[in-house]
Amino acid sequence: MLDLKRLSREINSKIQEINDRESLEVIKTNYLGKKGIITEAFKILGQIDPEKRKSFAAELNLIKSDLLNDINNFQSKINFKEIETKLKLETVDITLPVNEIRRGKIHPVSQVIDELTSIFSEIGFSVAEGPDIENEFNNFTALNTPEHHPARDMHDTFYLDDDKKFLLRTHTSPVQIRTMLKNKPPIKIIAPGRTYRCDSDMTHTPMFHQLEGLHIGEEVNMGHLKGCLEFFLKKFFEDDNLEMRFRPSHFPFTEPSAEVDISYKLENNKIVVGKGDKWLEVLGCGMVHPNVLRNVKINPKKFQGYAFGLGIDRLAMLKYGITDLRSFFNGDLRWSEHYGFDANDVPTNYRGLSK
Ligand code: DAH
């Protein structure tokens, strides 16, 4: 018959040796497994002399429950130890510098808007805004472009209703109207923003960006306009010797009107701006038409001023050598990675715009 005293001693000494999950499993199988010593002992209880059987069984049960108890205790100790080592191994030092970050990029249009704002703020312009959805009064009528005026058809307007009362603004010029209706002269503002025309090819997208300029005062004249635009273009292209010319033109809301060209040449099929025998149109401008001033209740006998409008996307293409306008709005991450700017590259007048 199995010597239970010996068995108990044996188990106690084996238990002392447990130090990991494997040694624990070995003891479990050896004593409590299907063919384990204790399991086997229970199987042969029936063969034992009935007088001794009861006390034998009681003692065997005690040994079994003690063993199960010990096993459970060890099990939780081992679990705890394992979690502790895992935590130690997986500790992250959050004070260490990160070695790879995927940074987003600033879109060239946003960058150029910041550059323009920075340049014009240096000579006293503040930023004004208007909504993308305009009424036809602000977009056309008030700008001396009445109904049936041919200039309306040239704009490829997206109308929003059958009465043609609301539309997506075709230029930023309506911000002139909004600003003059709200404020009294002197006024000196720029208004960058989205504009829309039903047009799409290599150099046109249905949505594009313009920047409007407006300066109204008692003695603002064409000389101021010229000085302002020369200052701006030289700063923007970062070239003090940039060649430019004013060419007579026509806009309903200015009189006289002009377009400004800058000179350029082609080098290896790439446009190099500043010098050369070719001219490139970059903006429209002129002295605000007296009718426009009257439309916003400003006395044209007392006040006058100049206005200008330019295409921001086009300027971005010229300055940063981007050839396809449509790529601006495709949302291709590889494009942004290549042409985009670092978030820390904030253009400022004193630190430089793009260098
Ligand atoms: N609004 C004109 C356009 O979209 C651009 C323009 C020309 C704006 C002359 C002006 C200006 O303020 O004086 O084609």
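Predicted model: local features only at pLDDT ≥ 70, side-chain atom pairs only at ≥ 80, totals over all residues.

Me: How do the axes of helix α5 and helix α11 lie, roughly parallel or roughly perpendicular?
Reply: Helix α5 spans residues 108–122 and helix α11 spans residues 312–320, and their axes come within 9 Å and cross at roughly 95°. Because angles of 65 to 115 degrees count in one class, the arrangement of α5 to α11 is roughly perpendicular.

Me: How many nonpolar, polar and charged residues are in the contact of α5 with α11?
Reply: On the α5 side the contact involves Pro-108, Val-109, Val-112, Ile-113, Glu-115 and Leu-116, which meet Ile-312, Asp-313, Leu-315, Ala-316, Lys-319 and Tyr-320 of α11. Sorted by class, the residues in this contact of α5 with α11 are nine nonpolar, no polar and three charged.

Me: How many of the nine residues of α11 are buried?
Reply: The buried residues in α11 are Ile-312, Asp-313, Leu-315, Ala-316, Met-317, Leu-318 and Lys-319, a list that includes the charged residues Asp-313 and Lys-319. Helix α11 is thus mostly covered, and the number of its residues that are buried is seven.

Me: Are the axes of α1 and α4 roughly parallel or roughly antiparallel?
Reply: Helix α1 (residues 4–16) and helix α4 (residues 50–90) have axes 11 Å apart and pack at an angle of about 5°. Since angles under 35 degrees fall into one class, α1 and α4 are described as roughly parallel.

Me: Which residues of α4 make the contact with α1?
Reply: From α1 the contact uses Leu-4, Lys-5, Leu-7, Ser-8, Ile-11 and Ile-15. Across both helices, the contact of α1 with α4 holds nine nonpolar residues, one polar and three charged. The residues on the α4 side are Phe-56, Glu-59, Leu-60, Ile-63, Leu-67, Asp-70 and Phe-74.

Me: How far from Cys-228 is the nearest cysteine sulfur?
Reply: The structure has zero disulfides when a pair of sulfur atoms must lie within 2.5 Å. Cys-228 is therefore in no disulfide, and with 6% relative accessibility this cysteine counts as buried. The nearest cysteine sulfur, which belongs to Cys-285, is at a distance of 9.5 Å.

Me: Is the pair of Phe-236 and Phe-237 stacked or edge-to-face?
Reply: Both residues count as buried, Phe-236 at 0% relative accessibility and Phe-237 at 13%. Their ring centres are 4.9 Å apart and their planes stand at 85°, so the pair is edge-to-face.

Me: Why is the pair of Tyr-306 and Phe-308 classed as it is, and what is that class?
Reply: Tyr-306 and Phe-308 are both buried, and they belong to one aromatic cluster that also includes Phe-120, Phe-125, Phe-232, Phe-236 and Phe-237. The ring centres of Tyr-306 and Phe-308 are 6.4 Å apart with their planes at 20°, so this pair is stacked.

Me: How far apart in space are Pro-146 and Lys-319?
Reply: Pro-146 has its place in the loop between α6 and α7 and is partly exposed, with a relative accessible area of 38%, whereas Lys-319 is among the buried residues of α11. The two are 173 residues apart in sequence, and their C-alpha to C-alpha distance is 36 Å.

Methods:
Residues numbered from 1 in each chain as written. Heavy atoms only, no water. Axes fitted to C-alpha atoms, helices over the stretch in contact; angles between N-to-C directions. Helix = DSSP H or I, 4+ residues; strand = E, 2+ residues; numbered from the N terminus. Parallel < 35°, antiparallel > 145°, perpendicular 65-115°, else oblique. Contact = heavy atoms within 4.5 Å. Buried < 20%, exposed > 50% of the residue type's maximum accessible area, 1.4 Å probe, protein only. Phe/Tyr/Trp six-rings, centres within 6.5 Å; stacked < 30°, edge-to-face > 60°.
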